[in-house]
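Please open the model in your viewer and show it as a cartoon. The tour goes from the whole chain to a few selections.

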Amino acid sequence: MQARITLITLGVDDLERSVAFYKDGLGFATQGIIGTALEHGAVAFFSLESGLKLALWPRKNLAADTGLPLQAPNPTELSIGHNVSSDAEVDAVMLVAEKAGASIIKPAQKTFYGGYAGYFQNPDGHLWEVAHVPDFEALG
């Protein structure tokens, strides 16, 4: 398998609220909600950098599609990283997220690995880390 991820799908409880958070609050580009005529089909896609897409899909529909039972969300099982070029940019992104309706979980601060980072949760509880990591491109 090639190490290539093209789509990240987040299960959400309120699709319209989540689309508004990412589109209006964070400024992510989208065509809006599509697939509403299909059972379990309503979804929204956002184009990110490097061809990556973010999908928002109701949790109940994701559960139906996978055959797994719908369970309570657990925000510590996954975090999405948004790496930026400076500590000041971390602070700016955290402020934008908070104004968009995110909950600040850990305010931005120096990290144990020599970087600067903070965490926020989107309205559905998904955890995002905003970080400035010196020499990030050299990792991995």
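What follows is a list of stops, each with something to select and what is found there.

This is a predicted model, in which local features need pLDDT of at least 70 and side-chain atom pairs count only at pLDDT 80 or more, while totals for chains, interfaces and linings use all residues. Residues are numbered from 1 along each chain as its sequence is written, and side-chain values use heavy atoms, with hydrogens and water left out.

**Whole chain**

Start with the cartoon. The protein chain has three helices and eight strands, where helices (H or I, at least four residues) and strands (E, at least two) are DSSP runs numbered from the N terminus. Read from the N terminus, the order is β-α-β-β-β-α-β-α-β-β-β. The radius of gyration is 16 Å, close to the 14 Å of the globule rule for 140 residues, so the chain is as compact as a globular protein of that length. That radius is taken over C-alpha atoms, and the rule is 2.2 Å times the number of residues to the power 0.38. Along the principal axes, the C-alpha trace spans about 45 × 40 × 30 Å.

Colour by burial next. Buried residues (under 20% relative accessible area, 1.4 Å probe, protein chains only) make up 33% of the 140 residues.

**Helix H2**

Select residues 59-66, which are helix H2. Its buried residues are Arg59, Asn61 and Ala63. Strand S1 (7-12) and strand S4 (53-58) are among what covers them. Step on to Gly67, which follows H2 and has a positive phi, near 85°.

**The aromatic residues**

Now show the side chains of Phe21, Tyr22, Phe28, Phe46, Phe120 and Trp128, which form one aromatic cluster. Rings of Phe, Tyr and Trp (its six-membered ring) pair if their centres lie within 6.5 Å; planes under 30 degrees apart count as stacked, over 60 as edge-to-face and the rest as tilted. By this rule there are eight aromatic pairs.

Zoom in on Tyr22 and Trp128: their ring centres are 6.1 Å apart with planes at 45°, so the pair is tilted. Tyr22 lies in helix H1 (residues 15-25) and Trp128 in strand S8 (residues 127-132), so the pair ties together parts 106 residues apart in sequence. Are these two residues buried or exposed? Tyr22 is buried, at 1% relative accessible area, and Trp128 is buried, at 6%.

Phe28 sits in the loop between H1 and strand S2 (29-34), 100 residues from Trp128 in strand S8.

Terms used: Buried means under 20% relative accessible area, exposed over 50%, partly exposed in between (1.4 Å probe, protein chains only). Contact means heavy atoms within 4.5 Å.
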